[in-house]
Amino acid sequence: MKEDSKKNNLKKIIESYAKIVANRPFFVLFIVFIFILIALYFVTQVNYSSQDFSEMIPDNYDVVKAYGIIEDSFKNPNTIMIFLQIDREYITSNEVKDIRDLEVLKYIDVLTKYLEGNEFIENVNSLSNSLRKINNGYLPKSKYQISDLISENEEIKSLVSDDYTMSIINISLSDQYSDDKDSLLVDNLEKIIIGIKHPSGLKINVTGSIASYPVMDKELGPDMQKTGNFSIIGIFFVLIMIFVIGEISIVFRQKQSLFSKIIKIIGTLRFGLTPLLTILIGIVWTFGFLGLIKMGVTSVTSGVVSMIMGIGIDFGIQTVIRFRQELKNKLSIEKAMINTLTNVILPMATTAIAALIGFKAMSMGELSFVGDLGKIMSYGVTFCFFAAITIVPAILVLLEKLFKFLRINVLKEKND
Amino acid sequence: MNFLKFIAKYQYKHKMLIFIIAVIITIILAIGVFRIEMETDFSKMNPTGLEIVELNDKITTEFGGTDIVIILFRFDNNYNFKNDNLDIRDPEIISYLKNLEIELNKESSVEGIISPATYISNFNPQSLSQVKYILSQYPELNSFFSKDFTTTLMYITADLSGDQEKTIAFTEMISEKLKFIPIPQGIEYFVTGSAPISVTILDILGKDAVKTIVIAAIIILLLLFITERSVLKGIVVFSPILLGVIWTIGTMGYLNIKLSVATVGIGAMILGLGVEYGVFMHTRYLEEKEKGLSQKESLENSVPAIGSAILGSGITTIIGFLALTLSIMPMLQDLGKTLALGIFFCLFIAVFISPVIIVLFEDLDKFILNKMYKRYNKKISQISKSDLQ
């Protein structure tokens, strides 16, 4: 008995809410738009950054503790590299063809001096300063001498490739450098490289994991956009298949004027397109919320957009399918929506809770990435659920009214 | 629709056959679960198609491996030292580091070792002041020591190429060597660097995969017991999702898709996402039964109705996940592939196998109830007979 009364109470609450949505769609839309505007403001504050794998392990592990001690007690353990290689495109011309070329060595020497003068750089280990060390502080005077000195010293050998077409300059970073300055550091190094005239046929790049992070950060946004676009296009086609294609075949089998048929087909598009609002608004709210709680998107959680779309669209589809079924029972638009929401909110909430349990379980693991992904997915599914029971039904009611009005007036005009 | 109706008829007619085939597939794929490997090569998780990543790979190929183990030595805070003036540059410690270097250098997997002892021991210092003098002559060696001279580092490099077994063997070898050479009293050590971090992540990956699946399974099962208001019905809804998880992870094992930091949570995700298909199918079947329809009729109504609805929502979910295969991040590509596979299996099981499980559990329930009823009747008749006697 108690359980039944509880169930009835819950049903009454859902029914009251359904009445508000069905009878006051503009009011619901107004509230939704306020939240969209707030979310849009916070969306701009979401930051995108790549993630170091050591950051994923909890602090209580010895490997992480030791890393912390090294970072605290020693000079900056981070390194970056400059990679020099003979450009194969110039191989048939008169450009430099060997990294042991005196011209190349002189260039490396000048580059090393400029690098040593940079505030972020503690120490530079290049072919030129290593050769100077074993040659009484002087640069070798010929390619022959360079080759000799390289072959004698294992440490210097490790700075050039076996075929002498490549060389690396290892750079240790000073305490002035911190993780948030990776872009600035790479910019500085690139400016130094551009500023010094290099021998023709020699290609120079800044590399190493530190140099990779800014590049990856720049790629995160476009990558998310690309997967998100694919996701939304794919979902759009499935929606058209579900709501429009089947309807077209039914409409064309009916005995009606072509004009009426076209109006009906255009009308079915409202069912095909409205579910998309679930994911579009759900994503805006999710990212607005991420900005509000200052939770960034990392290289490994950047896939959430398309995942949220794939999961969240189900809520929109369920609302629209049920509304269409209710309309076929010849109910008024408002009554159809009240029935729809009363019947779909509870099952949708159950499936949303089950999904949230799965995501919550992910955050109970020790690896932070899995937890972060679970958290963002939870927010995404929750906001898509709310979008499916707010903006989607409100728009459905308004579009249905508009479509009804158009159908009556256009057909009337045609008959007149 | 007609196809799904045909499926429903077939399911009713050949329920035992379908069930046995499902069990056989599950057993085969369950074997695949044990074949799954962990991905610890972080370089394989880097984005594809970026020039800088390609350059980094080229450098690794041309200039040797970049797997590093760093051993940190420091004074143990819990040790009762007689002398307060502790200095890690002590010749005894330098000598210990040199011995450790010699021992480690015997191993073919070690490519290089650098520690303060690599240079300082060449001068064979006998006192701290001699070490200090050497350091004053070669100030760059100070970078091996912390600013307060209580900590020092040893770097060991190797080319493990992301090989799981090689990485574990390498870190174990270092631990063995550290135990083999007697360490000066009051000195403790920590091992870190890319290789030990890989091994730690490997360890956590396995634990996390099991932990997240178990937690999700228990909570979802409890939720189903509550929402279905019956343990048996909860199990009926839950068992197809469990099959979905086994099939997915088993297929990963056979297809050599490694468990990585990205895919470690897929079991929990599939459990959370796949449950809705089972819930919808079971609820609709019960609705049809409540109308007084037979098992066959209930199946013929519920499978086409729910089958078409969940196929629509399942396909959109699969598309969302497949979109990740276009990402430049290989680990997101793997995540997309495995999740799409998981949802596909859940859908397949919900439409083709779940109805069979529902009907068979119903039959089992009926059979048990009948047996209990017969036993009860038998007891009643025995009691009444004895009463009569």
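In the predicted model described here, helix H9 of chain B passes helix H10 of chain B in a right-handed crossing, the near helix being turned clockwise from the far one by less than a right angle. Helices (H or I, at least four residues) and strands (E, at least two) are DSSP runs numbered from the N terminus. H9(B) spans residues 231-255 and H10(B) residues 266-290, and the two pack at an angle of about 140 degrees with their axes 8 Å apart, where axes are lines fitted to C-alpha atoms over the stretch in contact and angles run from 0 to 180 degrees between N-to-C directions.

Residues are numbered from 1 along each chain as its sequence is written, and chains are lettered from A in the order in which they are written. Local features need pLDDT of at least 70 and side-chain atom pairs count only at pLDDT 80 or more, whereas totals for chains, interfaces and linings use all residues.

Between the two chains, 65 residues of chain B are in contact with 69 residues of chain A (C-beta atoms, placed from the backbone, within 7 Å). On the side of chain B that touches chain A, H8(B) gives the most, with 14 residues, and the elements that each supply at least two residues include strand E1 (67-75) and helix H12 (330-388). This side divides into 43 nonpolar, 17 polar and 5 charged residues, with Ala, Val, Leu, Ile, Met, Phe, Trp, Tyr, Cys and Pro counted as nonpolar, Asp, Glu, Lys and Arg as charged, and the others, Gly among them, as polar.
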